[in-house]
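Walk through this structure step by step.

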Amino acid sequence: MDAILLQILNGLDKGSAYALIALGLTLIFGTLGVVNFAHGALFMIGAFCAVTVSRILTVSRTIIDDTQKDFLGNPLKVEVPYVHDWFGQATGDVIIDWAVPLSIFFAIPVMICVGVIMERGLIKHFYHRPHADQILVTFGLAIVLQEIIKFYYGANPIPTPAPSAFTGSFDFGAMFGFEPNTIIYPYWRLVYFAFAAVIIGAVFAFLQFTTFGMVVRAGMADRETVGLLGINIDKRFTIMFGLAAAVAGLAGVMYTPINSPNYHMGMDFLVLSFVVVVVGGMGSLPGAVLAGFLLGILESFASMRQVIEIIPGINQVIIYLVAIIILLTRPRGLMGRKGVMEE
Amino acid sequence: MNAKSEFSKGANAASTAPAFLSVWDMHSYYGESYIVQGISFNVHEGEILALLGRNGAGKTSTLRSIARLGDPQVTHGEIWLDHQPLHNMKSYEASIAGLGLVPEDRRIIPGLTVEENLKLAQIAPPIGWSLERLYDLFPRLGERRTQEGITLSGGEQQMLAIARALARDIKVLLLDEPYEGLAPVIVDEIEKTLKIIKEQGMTTVIVEQNAVRALELADRAVILDTGGIVFDGLASEVLENEELRAEYLAI
Amino acid sequence: AGHSGFTNAPEGDTVTLGFNVPQSGPYADEGADELRAFELAVEHLNGGGDGGMMNTFSSKALKGTGILGKKVEYVTGDTQTKSDAARASAKSMIEKDGAVMISGGSSSGVAVAVQALCQEAGVIFMAGLTHSNDTTGKDKKANGFRHFFNSYMSGAALAPVLKNAYGTDRKTYHLTADYNWGYTTEEAVRSSTEAMGWETVAAVKTPLTQTDFSSYIAPVLQSGADTLVLNHYGGNMVNSLTNAVQFGLRDKQVNGKDFQIIVPLYSRLMAKGAGANVKGIFGSANWHWSLTDEGSKAFVKSFGTKYGFPPSQAAHTCYVQTMLYADAVERAGSFAPCAVVEALEGFEFDGMGNGPTLYRAEDHQCFKDVLVMKGKENPTSEFDLLEIVEVTPAAQVTYDPNHPQVAGGNLGTCNNGA
Amino acid sequence: MGILDVKNVNKRFGGLQALGDVNLNVAENSVHAIIGPNGAGKSTLLNCLVGKLIPDTGSVMFDGQSVLGRKPFEINQMGISRVFQTPEIFGDLSVLENMMIPCFAKRDGAFELNAISSVGSQTDIVERAEQMLEEMNMADKRHMHAAALSRGDKRRLEIGMCLSQEPRLLLLDEPTAGMARADTNNTIDLLKQIKEERDITIAIIEHDMHVVFSLAERITVLAQGTPLVEDTPENIKGHPKVREAYLGESA
Amino acid sequence: MLGLQKKDASLLLLVFALTMLAPFILNPFPEGSGWAQFNAGYPDLMQRFVIFGIFAIGFNILFGLTGYLSFGHAAFLGVGSYSAVWMFKLLSMNVIPAIALAVITSGLFALLIGFISLRRSGIYFSILTLAFAQMSFALAYSVLTPITGGETGLQLALDDPRILDSISAAAGGNIPVPSLFGIEMRDSSEWSVGSWVFTFNNGYYFAAFIMLCSFYLSIRIFRSPFGLMLRAVKSNQQRLNYTGLNTRPYTLAAFVISGMYAGLAGGLMAAMDPLAGAERMFWTASGEVVLMTILGGVGTLIGPVLGAGMIKYMENILSKINSDILHTWFAFLPDGLEDFIVTIIYPFIGKGWHLTLGLLFMMVVIFLPGGLVEGGQKIAKLFKRGKKDDDGAKAADATTPAE
Ligand SMILES: Nc1ncnc2c1ncn2[C@@H]1O[C@H](COP(=O)(O)OP(=O)(O)OP(=O)(O)O)[C@@H](O)[C@H]1O
Ligand SMILES: Nc1ncnc2c1ncn2[C@@H]1O[C@H](COP(=O)(O)OP(=O)(O)OP(=O)(O)O)[C@@H](O)[C@H]1O
Ligand SMILES: [Mg+2]
Ligand SMILES: [Mg+2]
């Protein structure tokens with residue numbers, strides 16, 4: 001029982017990551033119909049926004065400490081962050097500690113810019129081109145973005161911890177009368193879950209309660225006719241792209257404390273996010289979110305020792321297996337709309 | 001439009017003409033195929049102009065060029081609507097400037113209901129007929145307002161396409177084969193509507209294969225053949241001119 | 001090119017070595033460090049720089065005049081940490097550039113694949129970072145040599161230290177990367193810890209492509225285990241360790257003991273990726289820059305002077321492998337692979353950082369001291385993340401070539417190729 | 001007993017009764033027209049005949065065999081060909097290739113793995129397709145991409161494709177909509193000629209009364225999903241209800 | 001010729017000439033010169049060109065003709081490789097049975113996966129194929145290690161049974177190498193002219209011969225009624241159904257044929273280098289063949305081969321250029337300038353080769369929509385301009401897909 005509850009919790013949180021990534025992708029892929037292989041790269045850039053912010057916060061001057069020696073036996077150079085100089089050691093440390101949450105404010109404008117530039121400069125010319133061309137150009141872009149990050153930040157993962165207030169975990173089990181330590185849950189993951197819920201809600205509200213969503217859907221189905229009705233669809237597509245990039249970026253920022261970011265993290269998530277979007281059904285936002293959570297939870301169950309013992313290797317394939325079953329039983333995924341990318 | 005620069009800047013015959021909509025020496029291409037081969041004509045405020053010709057004559061291409069749809073690409077020429085230079089505009093700007101086109105294959109937007117299709121037309125200003133008024137004119141649409149637009153019958157779709165154009169406050173209405181697929185009674189109905197909106201001062205260009213009906217409705221007619229104008233005059237003239245009818249319209 | 005009895009016999013006054021390292025993919029930084037070491041080794045062989053370990057190496061055959069008087073040149077390639085790509089790259093070095101020796105790599109999959117290729121082609125393979133037992137176990141090849149230690153040795157070296165630190169009554173939970181290296185490492189650590197009385201509660205395999213290990217970590221406490229062994233390497237290890245710390249495992253008490261985490265194979269770059277999470281965690285390593293023997297000091301000095309930071313253990317291995325190869329050629333007086341194999345088989349040496357070392361003839365595995373490491377509590381710099389807690393003497397990690405953990409396979413005979 | 005026998009067919013879309021108890025009997029070798037207001041269910045009825053829709057209840061027999069439950073390609077292989085209301089052609093292929101495909105289907109059946117011989121070497125097919133294009137007056141366009149055809153031409157091509165299959169029952173959904181008068185007349189002649197030369201049955205939906213009255217031997221009037229009357233053209237023309245509900249004053 | 005139209009026949013001849021003369025064409029720079037780095041005329045890379053060419057040609061039969069974008073084709077390649085290696089292990093080092101089994105098993109595997117995946121179209125189909133391939137990869141890498149060798153790949157061992165070869169098995173502790181009735185695949189002969197060295201490798205010519213056959217077959221398929229039907233599927237499935245044609249067997253046949261091409265490529269790969277790794281089935285490998293096809297030109301005959309060549313060239317040549325080599329190239333420049341130029345170029349070569357690849361992808365789609373073939377056609381047109389091309393040729397173009 002508690003084992004199952006635990007995996008549901010784990011699944012929810014894995015699911016919120018999947019859902020958040022898929023949400024950004026489905027805005028571009030499910031709604032605008034652009035096969036965006038660079039989406040993972042956007043997620044990765046978001047994560048590196050957090051890295052960059054913590055680097056900026058720890059920009060330091062160097063002092064020589066004669067009492068200590070470095071590996072070559074020379075006096076040790078010690079780095080003192082400027083924030084220490086400006087705000088004092090204690091406040092400075094708190095600011096550095098809160099780098100990840102602070103990066104949200106940095107990431108939003110950056111990601112919107114990245115999205116807008118990407119759309120205006122590149123994707124714009126590909127709406128009416130075959131999907132094959134979109135794949136090639138966005139894949140190329142993804143590689144380029146990835147390599148740029150690799151060039152500046154290296155290939156090694158870069159630890160980007162959560163504020164110390166959020167380290168450690170929370171004993172759920174004890175709260176609900178289970179044995180202590182049976183159901184523990186890290187604080188940061190709770191934060192991530194809540195954050196995902198807020199973002200998902202906000203995006204829904206934006207697309208549901210404004211005519212924006214309808215216009216964009218219409219524009220994707222038939223740009224020409226929408227133009228005939230006096231609507232500047234290009235502008236809205238651009239906004240949509242900026243929004244999607246921001247969502248992807250924020251997902252990345254908040255993910256950094258969970259897993260140290262590295263330059264290929266986007267590629268690692270790419271295939272999975274496509275699977276989530278398609279299983280959710282093309283063109284459906286709720287579908288993508290639902291599929292994210294569903295796959296997250298099922299993946300968690302499949303990784304239970306008791307399950308692996310019965311079906312060895314199930315944890316390796318569960319996501320794909322479920323995807324196949326869903327796509328075979330429901331022709332357009334969980335909640336897909338007819339006619340979107342069916343040919 | 002990369003062709004913009006090629007529009008002649010100085011002496012433009014069109015701009016001085018009293019016409020409401022005027023097309024002057026327009027050339028358009030689909031890729032490399034040269035389709036609209038330098039046509040000029042004027043439409044005066046409040047009149048109905050019938051644009052006729054055989055299949056493949058270039059009628060649709062002409063309307064699409066005027067509506068600035070990008071394909072075919074206009075490489076040379078001027079288009080003026082009520083003193084506004086359409087040839088410098090994109091299609092959405094042309095629409096805001098007052099141009100309304102009912103495209104030939106109706107172009108109902110998949111995924112949207114009937115009502116959403118209409119509402120879409122009322123997002124950008126200027127807004128024309130209200131939904132109620134449109135449903136009054138086409139009760140079938142009112143009954144089906146929540147049905148997905150593309151599941152309508154062919155004729156119903158045609159009604160929706162016309163209604164959608166009227167939902168915007170337009171200065172000129174371009175109709176590409178509006179009677180196609182409509183039952184004779186409905187054709188009568190639409191004809192009446194066109195007359196009504198003409199009385200209200202609407203300027204209309206109608207492309208129609210049912211030439212007789214179009215000519216009976218129209219004040220003037222332009223006949224196209226392989227991308228060029230072969231006749232420009234009063235509609236009644238065409239009806240009377242056996243030779244012309246036989247040669248270009250087979251009626 | 002040419003037919004002098006063996007593949008790619010050097011013709012002019014130069015000899016070409018092939019350095020095949022991951023330049024793209026997750027291990028690119030490790031690869032870059034390996035490449036630095038290779039470049040340094042070539043510099044030293046050609047008489048440049050301060051000579052590095054050439055001065056401390058017990059064999060004095062090398063003179064800084066290249067190898068057998070031929071200037072050393074090298075080509076580089078990208079393994080992408082994929083066996084196919086690694087073989088393609090190695091093949092191009094052999095077929096196009098005329099390399100007589102291939103070295104490098106940072107995974108066992110690649111090492112085994114390239115080693116087999118070199119055996120077929122008739123060139124020498126000096127393995128880079130590869131830790132699986134298989135490389136010199138069931139997949140051993142006569143033309144291949146490994147300086148790096150292996151899973152068995154990790155287990156053997158760790159056990160006594162763990163016993164001292166955590167006692168003989170522990171319940172362990174293994175998370176194991178679901179592929180060959182993971183299997184051999186789990187087996188090694190399990191058998192050595194079980195031998196000292198620890199109980200293995202569970203062992204769960206995790207997919208290679210897994211990035212978030214939460215669903216594997218969370219049930220650990222429920223199982224009643226008080227020790228978690230992460231048989232993970234690279235990105236897997238960074239993530240699983242980060243996740244484990246996130247779940248607060250290290251703050252917990254189980255069975256009345258502090259919960260502990262163990263990482264059998266450590267590397268400095270991984271420790272860097274995991275950041276503060278490594279503090280106080282035990283693991284093993286092949287070599288570390290803080291060793292104070294003469295060889296290590298010399299190497300760290302020349303590497304650090306040239307590049308500004310201390311070398312990683314991967315860099316050390318690659319440097320040493322290049323030196324050992326060059327030395328063997330000198331001693332054999334020939335570049336012919338079979339001559340080199342003969343010179344290296346059973347070769348004993350010292351001064352390369354891990355004390356007296358033997359290249360065993362039976363399986364071409366190196367036997368030397370193994371380090372047991374611990375994440376440092378108060379690092380002074382970004383390189384100073386691990387500290388040596390124990391140098392386990394070679395004798396303690398030496399095993400019989402027919403030991404069940406490494407049994408199988410056939411070394412075959414050396415191949416000179418064309 | 002007719003070649004096509006539709007009994008008590010019902011089809012609902014949600015709350016809408018698109019077809020209600022439709023009975024229709026088409027005699028062999030006749031031309032049977034189905035007319036009716038827009039949205040009457042004419043296309044829906046055809047959809048039920050070719051397997052695009054499955055009726056909720058009722059039976060559809062073709063030549064003594066039930067059509068229901070068969071896949072579209074099986075139904076076509078039984079001898080029913082259909083022209084759609086909006087042209088369905090192979091836009092990416094040339095006009096000639098468009099025409100060859102139905103010829104292959106006719107000769108080789110639903111599937112034939114002929115991956116080695118070249119299309120050009122199938123002289124019978126090529127000749128047949130060329131001949132069909134001649135008949136449809138489209139030979140000069142044989143190398144064009146079908147997507148680049150004008151709308152009227154697309155429709156002609158589609159009719160030609162269906163005819164080339166020499167079906168026993170040809171279903172035409174507004175075949176001449178948007179077609180120039182001259183071509184409409186050609187099409188009427190062609191259909192007449194084909195009907196005379198071969199034993200073919202034609203069911204046609206049309207809003208163009210000129211076409212209907214020059215071809216049809218019997219006419220069924222459909223309104224709101226149910227047959228209103230079935231009679232000869234002469235009687236239909238004079239039928240007051242039909243005049244009111246459908247034909248309007250222009251008939 | 002060979003039942004082909006003149007245009008196709010000349011294309012085939014061209015490809016024939018190119019493959020036969022590849023050792024010369026790909027080695028334009030004399031040994032030892034700075035540019036020798038760019039020579040690609042060594043056996044392994046030449047083999048790779050033709051083998052990935054086969055893979056891409058086959059993929060194009062499915063994707064180019066029917067428009068069904070499979071994102072799991074690497075699975076068939078992997079299965080082909082595993083089958084071939086098992087054949088080497090169990091039966092004989094002769095490449096014929098190995099390749100035959102590779103083609104058969106991958107065909108069967110494709111039949112199974114195609115039968116299920118083709119129930120859906122568009123992106124849903126793509127994700128189904130992707131899912132199957134990823135499952136194959138994951139299992140091959142882990143649970144199926146006893147069959148696949150897992151991480152280290154499936155390799156030959158000295159004590160493999162090799163039933164048919166047992167008598168002639170090479171003595172002396174070395175594993176025998178794949179051969180065609182005694183002609184060893186890895187054997188090469190060399191020809192030096194001046195400072196040029198040209199290598200003629202048995203394996204390459206064997207693979208090239210098979211590639212030519214596959215290419216010929218693919219031309220026949222493109223021009224056949226079957227090919228026409230596949231293009232019709234891409235254009236309008238609905239119309240095809242109402243024209244009395246059952247689309248399913250057509251698409252399934254195309255899927256299986258392209259799966260067998262992939263298996264053939266996999267088998268050949270093992271024949272050239274008897275090792276089969278699971279990474280061959282990873283999604284990036286499937287993605288690679290998609291990219292190759294698009295890069296060269298979807299639906300064109302020669303495009304996929306060009307695309308394959310391009311990507312493999314970048315992967316194998318560009319990645320090997322290191323800063324040392326750069327310095328030797330620009331050594332003639334004054335020091336400061338040399339360093340400057342090297343710093344500028346350095347991020348794009350060696351470990352930065354991916355960056356160049358990404359940029360290349362973007363450049364090609366942006367400037368040559370239609371892929372490399374389109375670029376070739378544009379150049380050809382420039383030359384033709386002077387010759388005043390006739391309209392007849394243009395009209396003929398419309399009936400046949402571009403090359
Ligand atoms: N997308 C296109 N690409 C190339 N040529 C085209 C394209 N669309 C139309 N054409 C060609 O342009 C010419 C004019 O076509 P257009 O559609 O304007 O004719 P139309 O007068 O509207 O005919 P119809 O009465 O049949 O609708 C035709 O010859 C047609 O083949
Ligand atoms: N998929 C569907 N879902 C809901 N309603 C539908 C669907 N298809 C058709 N209808 C409705 O069924 C009715 C009959 O449509 P049908 O297309 O058969 O008319 P029709 O007689 O062919 O008219 P027209 O002459 O205008 O083409 C219409 O009112 C239409 O809106
Ligand atoms: Mg038209
Ligand atoms: Mg209809």
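In this predicted model, strand β4 (residues 57–62) of chain D pairs with β5(D) in the antiparallel sense over 2 bridges. Two strands pair if DSSP finds at least two bridges between them. D:M61 sits opposite D:S66 in β5(D). Strands are DSSP runs of E, at least two residues; helices are runs of H or I, at least four; both are numbered from the N terminus.

The pair belongs to an open sheet of 4 strands in chain D, with order β2-β1-β4-β5 and antiparallel pairing. β2 (16–26) and β5 (65–66) of chain D are at the edges; each has a single partner strand, so one side of each lacks a neighbour in the sheet.

Helix α1 (residues 42–50) of chain D lies across β1 (4–13), β2 and β4 of that chain. Helix α1 of chain D runs at about 65 degrees to β2(D). Axes are lines fitted to C-alpha atoms, for helices over the stretch in contact, and angles run from 0 to 180 degrees between N-to-C directions.

Now the chains. Contact means heavy atoms within 4.5 Å. Chains B and C do not touch; their nearest C-alpha atoms are 38 Å apart. No contact joins chains C and D, with closest C-alpha atoms 34 Å apart.

Last, the metal. B:T60 (OG1) and B:E104 (OE) coordinate the magnesium ion (ligand 3) at 1.9 to 2.4 Å. Donors are N, O and S atoms within 2.8 Å of the metal (3.2 Å for Na, K and Ca); water is not among the atoms, so sites may look incomplete. B:T60 is in helix α2 (residues 59–66) of chain B, and B:E104 is in the loop between β6 (99–102) and α4 (114–121) of chain B, 44 residues apart.

Residues are numbered from 1 along each chain as its sequence is written, and chains are lettered from A and ligands numbered from 1 in the order written. Local features need pLDDT of at least 70, side-chain atom pairs count only at pLDDT 80 or more, totals for chains, interfaces and linings use all residues, and side-chain values use heavy atoms, without hydrogens and water.
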